[in-house]
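Student: I would like to go through this model chain by chain and interface by interface. Please show it before we start.

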Amino acid sequence: MSPLLTYGVAGAVLIAIGLYALIVRRHLLRKIVALNVIGNGVFLTLVAAAPRLGTPDPVPHAMVLTGIVVAVSATAFALALAVRVRDATGAAVLPPPGDDVAGGPGH
Amino acid sequence: MPQLAELPLLPWAVALPLGGAALVFVVRERAQAIGLAVGVASAAVGLLLALQVATGGVQHHAVGGWGAPLGIDLAADGLSALMVAMTSVVGLWVSLYSSAYFGAGDGGHQRAYFWPLWLLLWTALNALFLAADSFNAYVTLELLGLSAVALVALAATPAALGGAMRYLLVGLLGSLLYLLGVGLLYGAAGTVDFRLLATAPLAGPAAAVALGVITAGLVLKTALFPFHFWLPPAHASAPAPVSAVLSALVVKASFYLLLRFWFWVLPEAATPVVTNLLGLLGALAVLWGGLRALTAERLKLLVAYSTVAQLGYLFLVFPLALGSVEGFTAWGGVALLLLAHATAKAGMFLSAGAILKASAHDGVSGIDGTAQALPVTVFAFALAGVSLVGLPPTGGFAGKWILLNAALATGQWWWAAVLLAGSLLAAAYTVRVLTHAFTRLPGEPPACVVPARLEWSAVALAVTALVLGFAAGEILELLRVGAPVSGPVLMEQLR
Amino acid sequence: MSVDTWLPALIVLSSLLPGLLIFFLDEERHALRTALNMAGAVLKIGLVGWMIWGVFHDHAYESRMSLVPGLDLVLEADALSVFFVALSTLLWLVTTIYAIGYLEDSPHRSRFFGFFSLCVSATVGIALAGNLVTFLIFYELLTLATFPLVAHRGTPDAMRGARVYLAYTVTGGAVLLFAVAWLSALAGPVEFTTGGALGGLAQTHRAELTVIFALLIAGLGVKAALVPLHGWLPQAMVAPAPVSALLHAVAVVKAGAFGIVRVVYDVYGVTLAADLGVLQPLALLAALTIVYGSVRAIAQDGLKKRLAYSTVSQVSYIALGTAIFGPVASIGGIVHLVHQGVMKITLFFCAGNLAETLGIHNVSEMRGCARRMPLTMAAFTVGALGMIGVPPVAGFVTKWYLGAGAVAAGAEWVLVVLAASSLLNAAYFLPILYAAWFREPVGPWPEEHPRGRFEAPLMLLVPVLVTAALSVAAGLLAAAPFSPLDWAKLIAEREYGL
């Protein structure tokens, strides 16, 4: 198996694992980590798609770098939001989305 | 005096709100005034851009003078121009509304942070609609998602925070899938530029997988049934102007990208199975969203489920226009529905916000007194509802009529049945709210005062939905610029 | 831009613009509101009079606006549209006067008269529509404009009645939309053409055309109160009397019936319709409705409910006349648009007067009321006799032509229906007349208002007398030129190419 194919498959596996955890795990921190794992899987797959002409193609690498930057800022934001959710509801899990009873004014 | 054709409107459409956002973030005490001014200016630029495309054809601009593939290109064809115009019109009235909506209640916190986030969101929208390559679209998509989530979280209630968190998780998953698809597509085609992708030879499983992953990600972000679960909590618990922008504009951005990929990049991948599947999910969204709206307890939840339903109509573009020789009929109908929904839904959320601002709580059943004290606002809600139902002479009717024509002329009458069923459900839940404006009250309704700006911006948007019905011809002309499908506006005797 | 292009549009606007203005008036501005209402009504009459004169002198009036490439909004004046527009305009003026008197001191009058004007604009738009899509657009606008009128009082009964009304009419509207969209997809924009507009399709798409016809009749039949789609009409009686009068005589029910006439004569053409075999079922349905409505009316004690079922029955005369092949029957059907209008509005005005002045809502309370309100009951008698078909009231003329036309077309069974209907009408009207004129009142009136100089306020009395007089005039002077009958003959002649 060529190294590129390995990276590609590994990336796919990471995405699968992350997706499973994102859906199944309840704790927000785990969900955020799961998203990061998915992200890493995506980046790995992109890197695996990079070489096209013998020498590595810089465009996918640039994509990955941009993606990492975006992922970092998104993760920071997600963590801050998770802290706010924990402070507001007492637990770091997603509140159920059902039809709430009439809430407060000023929505 | 420079000619319209020479004005560098494309970069300004992105730079103006971006600069405004930075300025407003720094000068926080004058956030409202500066924000409103920048909003008006951005709206003007957007509308001028639409005019520029209408008169001059497809526009291009290479930012910084560097061209593709290394630089960032901006491009505007008919569809982009219409989306930017839509953003401008909705953005203008939402800005006006927001300048009076946020009180000084929580120390001006919401008011101060709303404006930079809103202008960032506007930047992201314009940049996305004008993006000439798919990777640039990814960056703008992320910016859009993050600012939207932040705006939802602005309300700081537990419901809003929960809705925002869910939205963020789903949104990030969607954009990661999108990024994966873009990368795979690059691997198959060697380019990210939309124009080049359209002409590149894309065959084989790699391209199909890429398109599939992209579609999965974008469908998640557009809240297509059954991936709509995140939308009602987020849209219902956000502040009213934010809900308006989310339902009217943000979900349309991911749908726009779907159109770009399916109609320009890889239309050959559209087998009847795929197009009908997307159509079927759209139909289910129409029915499910409508039914949930009928039973929703909270007013804004009702309007949010209405969004889920209305987005379902948009997916009828796949079975009706893709792979059809004369697809322009359905293409035009969906574009009209998209625009009409944006203005009507924004108007509806803004009027709901005004009603709730004067109410003690946010349930549908308790708004009798406030509804009767605010006739102008109720009128806006009613007019918006009429457009969503698709009654003449609104833009919603024009779009539905054209889609009905496309469905019946190509013999796919089941989509026509879906369109009508959706109309009936929309009529039912709209009337559900409006009856509260008629019930007999024991005395005079309590005097409710909401700032006039709130009521009149809602009315302006609802009236725009009405005007769209009369301007349909001009809109369809603009849509023809760079359209991927051709044909007459209304089909005849096609069997 | 000549007169010929803007006159139809102006006729619609003459009530639309005052209506929109009235919405913004404060409740206390009686004088201004009345002025706007009357100005609009009078202006409209003037414009319609001008149009009638012009059509008589062979002017072709058409207002056209492009909505979407390939789809035009068309308002035009042909013989049938002028016929209906004249009825609507005249009766609107009368009803406006009545409504101003009836709703004195009621809450929400600005809202009421705003929607009232919108309702008439929609009706006039339906009358002047030049193609199916324009018809559809104004038809839906009529639904939107009448819902707030039915819901006006805001009581739980009113809201329930309004919801039922809306459920029926919106569903009917959806079916109509589907049918019109389908027909437009087959035949392009379908402009109303005397003798039919579907030409070449007759041979190739027979099955589709038949299904579309059924759907069109179903969609129109809701407003036209064809059985079994009539359920909303008795429920909508919760509305104030002027609304019931307008809805039943002029606007909603007539719009449905007018639509059926248009579809059979100017979309399909009576020859094609007969050829497709759709006229027989329509005639049967109309006959069924006639009999069913009358039978249900007998059982009603509520006066307005009884009149509602009477409307269900009477409006189907129009559909029946349309469905029988032959010019004589067509004349009967078309002229009944006007005759039923003036007669039924008289009856509803009387019902309103009785309710307002004496608090009478049920037939059982009407004993001896003619002594107290002779003029009103005289008008009621005229209307009732017309419904039964007694000459010289207009209803007799209709029945004569329908009967003669049925015989000419070889459909003698229709005579049985007509006779049965007359008998049933007598069964539920004559007892009322007898009780009102010849019996003593049982006790004090439910809610008597003090008697002024006249038995009821002038604004409530004069309109009733005017419409009653018109009912008699339409029958007595039926042979005169420019009578409704004369006009109906002209329309039928053009349709059959005579």
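Tutor: A compact globule of 495 residues would have a radius of gyration near 23 Å, and chain B has 21 Å, which agrees. The radius is taken over C-alpha atoms, and the globule rule is 2.2 Å times the number of residues to the power 0.38. This is a predicted model, in which local features need pLDDT of at least 70, side-chain atom pairs count only at pLDDT 80 or more, and totals for chains, interfaces and linings use all residues. Residues are numbered from 1 along each chain as its sequence is written, chains are lettered from A and ligands numbered from 1 in the order in which they are written, and side-chain values use heavy atoms, with hydrogens and water left out.

Student: What does the C-alpha trace of chain B span along its principal axes?

Tutor: Chain B has 20 helices and two strands. Helices (H or I, at least four residues) and strands (E, at least two) are DSSP runs, numbered from the N terminus. Along the principal axes, the C-alpha trace of chain B spans about 70 × 55 × 45 Å.

Student: How far apart are the centres of domain 1 and domain 2 of chain B?

Tutor: Chain B is divided into domain 1 (1-131), domain 2 (132-269) and domain 3 (277-495), with bounds from an automatic or database domain assignment. Taken over C-alpha atoms, the centres of domain 1 and domain 2 of chain B are separated by 20 Å.

Student: What area is buried between domain 1 and domain 2 of chain B?

Tutor: In contact (heavy atoms within 4.5 Å) are 32 residues of domain 1 of chain B and 33 residues of domain 2 of chain B. Buried area is the accessible area (1.4 Å probe) that two parts lose on being put together, summed over both. Carbon and sulfur atoms give 78% of the area between these two domains, and the total is about 2700 Å².

Student: Which residues of domain 1 of chain B lose the most area to domain 2 of chain B?

Tutor: Three residues together give 23% of what the domain 1 side buries. They are L121(B), L128(B) and A131(B).

Student: Which residue forms a salt bridge with D77(B)?

Tutor: Side chains of opposite charge can pair when their charged atoms come close. A salt bridge is a side-chain nitrogen of Lys or Arg within 4 Å of a carboxyl oxygen of Asp or Glu, and the count between domain 1 and domain 2 of chain B is one. With the closest N and O atoms 2.9 Å apart, the partner of D77(B) is R260(B).

Student: Which element gives the largest share of the domain 1 side that touches domain 2 of chain B?

Tutor: At least two residues each come from β2 (73-76), α3 (78-101) and α4 (109-130) of chain B. The largest share, 13 residues, comes from α4(B).

Student: Between which chains are the most contacts found?

Tutor: Chain A and chain C are not in contact, and their closest C-alpha atoms lie 24 Å apart. For chain B with chain A, 48 residues of chain B meet 42 residues of chain A. Among the two pairs of chains that touch, the most contacts are between chains A and B.

Student: How many salt bridges are counted between chain B and chain A?

Tutor: The two chains bury about 3700 Å² between them, 76% of it on carbon and sulfur atoms. In chain B, M165(B), L169(B) and Y186(B) lose the most area to chain A, together 17% of what that side buries. The salt bridge count between chain B and chain A is zero.
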